[in-house]
Amino acid sequence: MQPIDLSIVTFQPDMGLLEQLLASLGEATHVPLQRNLFIEDNSPDGAVAAAIAALPTLQAGGPFARVQVERSGANVGFGRAHNANAARGTAPFILLLNQDCVLEPGALEIVAAASADDESIAAWEMRQIPYEHPKVYDPVTLDTPWASAAALLVRRRAFEKVGGFDRRIFMYGEDVDLSWRLRAGGWRVVYRPRFAVVHRTYSRPYEEKPRQLFGSTLANLCLRARYGGLRRTFEGLGMLAREIRRPQAPERRRGLMRVALQFLLQWPRFAASRVHARPGFEPEFHHWSFERRRDGAFHLFASRREGTPPQPLVSILIRTVDRPRQLAEALASCANQTYRNLDVMVVEDGPERSRAIVESFRDRLAVRYHATGDKVGRARAGNIALASARGEWLNFLDDDDVLFADHVEVLVAEALRTQAAGVYGLAWETPIRWLDPSRERYREEAPLARFGQAFDRFALWHMNYLPIQAVLFHRRLWQQHGGFLEDMEQLEDWNLWTRYTLEEDFVLVPKTTSKYRVPADEAENAARLARLAAALPDALERQRQLQVKLSPRQVADMAREYVRAFVTEAHPRAAVMMPAKPAAAQAPVDYRPKVVEGVRFANQKVVLDGYEYTGCEFVNVTFEFNGTTPIRMLNNRIGQPFRIATANPTVFATIAWLQGLGLAPRTLQVQQSRQEIGGLGRN
């Protein structure tokens with residue numbers, strides 16, 4: 001029987017919810033567990049600890065081999081109370097839990113999984129639902145920059161070696177600090193999304209909770225002092241000063257000013273305990289966050305206790321050509337999927353060179369392999385995969401792309417909910433730079449969310465905004481329309497999606513679920529773009545050969561919507577919304593990156609990085625254009641609401657793009673003002 005120490009910190013808990021947590025901790029597991037429960041109560045009233053100790057689940061004969069409920073005597077903070085619990089136990093693993101979590105069925109199997117894991121791993125983070133934390137993680141290794149302690153399994157040896165939680169961090173940020181000290185000590189911190197807890201920490205999406213706001217802001221400044229040095233610390237203080245100055249409720253401003261004072265008092269202690277970067281560990285500060293974040297922070301996941309949804313078989317179709325490193329990563333991202341009913345088909349375009357890689361995954365995946373022998377081309381290889389697929393739903397995955405662990409789960413749920421023939425998630429375009437000639441080692445550069453387009457048939461005819469790995473589609477589309485055109489070696493996926501959507505609508509899920517890689521090397525990327533450009537005339541000619549059945553009204557509505565969303569009007573006092581009698585559209589004449597200065601976007605509500613603002617101001621923003629489509633925005637900062645102050649056609653296109661992302665309201669008016677107008681210059 002494997003021992004496990006269970007640590008819960010309580011503060012005036014909801015007894016009903018706490019009982020649900022305790023019941024979930026007592027559920028049966030495949031590997032028998034000796035469960036030692038330690039509860040540290042921080043409530044000011046001593047009767048709370050007594051009431052917890054009297055709960056029926058905690059009595060002799062229950063699921064716990066040992067129960068110890070202690071009272072702190074004061075609210076000593078989250079981390080310090082967990083340290084006290086950890087000191088009472090001896091098991092090799094400690095499961096840290098918030099009082100308002102409830103484990104999903106099977107979640108305790110994480111103990112057996114961790115026991116079989118690599119000894120270099122110190123912490124295993126469980127997924128939180130209904131809202132998953134949006135921080136990035138590696139889809140291949142599942143390493144994460146830091147782990148939330150709301151539901152965290154830690155290796156006792158590592159926890160004790162770094163001294164547990166820092167008792168000076170009262171609440172919020174203590175888990176980031178623990179994770180970073182573990183990583184700085186050479187340990188790994190990983191995410192295990194197959195093991196989940198229900199943690200209803202938000203009453204509504206984008207809720208701003210004052211305690212969280214002030215606590216996390218203070219923690220961010222303290223960690224900047226410990227891990228970032230003077231430059232990062234002054235950067236944080238500047239951010240705080242701007243946050244204090246912006247229009248807001250008086251109590252919010254006073255709270256932020258208290259945070260500033262608290263930090264100034266604590267600054268010397270955190271600076272004195274400086275932790276430096278090392279190979280494998282580089283602290284990250286992204287504004288007030290400690291990591292890059294994926295879109296879709298408030299995508300809703302249902303608990304398995306509410307019922308088990310249908311699990312149709314999904315085939316993931318991988319085309320490869322003698323790229324073992326990339327293929328292994330693609331297969332690992334499939335093996336990490338939270339959705340288990342998978343059929344993976346690998347087709348190698350050419351001689352059999354990747355069988356050993358595929359065979360190494362047979363204990364983790366239902367995977368098959370076929371090599372064509374002679375080179376047949378990308379399109380033919382894709383068609384062989386389609387013909388071999390067994391699933392009701394199909395998803396391509398090129399060997400140099402990867403899926404985040406919830407990709408299939410998210411898209412299947414949306415497909416079943418909407419009854420759409422195809423669904424797609426958001427994807428990161430990730431430049432990679434190879435570090436050796438054999439292409440075994442690489443470095444990922446900053447990802448770009450290039451496309452976020454809701455399904456629009458007219459827009460798809462104009463450009464392919466559906467990265468191939470981002471799309472899940474029903475096999476009847478292949479049965480009705482066939483596969484790739486085998487004489488196309490480039491843009492064959494655009495042609496496929498165009499044919500599949502002539503009569504069927506696809507549905508966007510606004511959550512980042514995959515990554516596709518592009519060369520970071522300028523020459524290599526230029527060659528890639530040149531191949532696409534050379535293939536474009538043929539792809540357009542093939543579009544001309546397609547036929548679609550639409551009424552005149554449908555065509556007019558599609559054109560109107562496309563112009564409204566993508567090609568904005570150039571009249572100085574025009575609204576961004578399409579006018580009753582559209583004037584001739586004017587596209588930017590120069591597509592090179594530009595800096596838009598003094599342009600301000602009026603908005604009643606803006607959501608960025610999971611935080612809600614009453615207004616947004618973009619100052620000195622760099623926009624990069626792909627044709628007429630803005631694809632990159634840098635140097636934005638949050639400010640108070642203003643009106644747009646320019647009517648340049650490039651800015652009109654930018655506004656349409658921001659509206660598509662939900663960063664500017666559809667009713668935003670644009671007008672010229674001599675006093676406020678900024679210039680449009682080159683970067």
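Visitor: Which strands form the open sheet, and in what order?
Guide: The order is β3-β2-β1-β4-β7-β6-β8-β5, eight strands with mixed pairing. Strands here are DSSP runs of E with at least two residues, helices are runs of H or I with at least four, and both are numbered from the N terminus. Two strands pair if DSSP finds at least two bridges between them.

Visitor: What kind of model is this, and how are residues numbered?
Guide: It is a predicted model, where local features need pLDDT of at least 70 and side-chain atom pairs count only at pLDDT 80 or more, while totals for chains, interfaces and linings use all residues. Residues are numbered from 1 along each chain as its sequence is written, and side-chain values use heavy atoms, leaving out hydrogens and water.

Visitor: How many bridges join β1 to β2?
Guide: Nine, and the two strands run parallel. Q2 has L33 in β2 as its bridge partner. Helix α2 (residues 46-53) packs on this sheet and touches β1, β2 and β3. Its direction makes about 170° with that of β3. Contact, here and below, means heavy atoms within 4.5 Å.

Visitor: What is N36 in contact with?
Guide: P3, I4, D5, L6, A65 and R66, leaving aside neighbours within four places in sequence. Its side chain also makes a polar contact with the side chain of Q34 (3.5 Å). A polar contact is a pair of N or O atoms within 3.5 Å; within protein, one must be able to donate a hydrogen and the other to accept it, and residues adjacent in sequence count only if both atoms are side-chain atoms.

Visitor: New topic. Which residues of helix α3 are buried?
Guide: F78, G79, A81, H82, N83, N85 and A86, in a helix spanning residues 78-88. Their cover includes β1 (2-10), β2 (33-41), β4 (93-98), α5 (156-161) and α6 (174-184).

Visitor: Which residues in the largest nonpolar core touch the most other members?
Guide: V314, I316, I318, L331, V344, V346 and L365, out of 36 residues. Such a core is a set of buried Ala, Val, Leu, Ile, Met, Phe, Trp, Tyr and Cys residues joined through side-chain atoms within 4.5 Å. Elements supplying at least two residues each include β9 (314-320), α9 (324-335) and β10 (342-348). α9 gives the most, six residues. A second, separate core has 35 residues, including L33, F64, A107 and I121.

Visitor: How many residues of β9 are buried?
Guide: Seven of seven. V314, I316, I318 and T320 point one way, and S315, L317 and R319 the other.

Visitor: What does β9 pair with?
Guide: β9 pairs with β10 in the parallel sense over seven bridges. V314 stands opposite L342 there. β9 also pairs with β12 (residues 393-396), again parallel, over four bridges.

Methods
Buried means under 20% relative accessible area, exposed over 50%, partly exposed in between (1.4 Å probe, protein chains only). Axes are lines fitted to C-alpha atoms, for helices over the stretch in contact, and angles run from 0 to 180 degrees between N-to-C directions.
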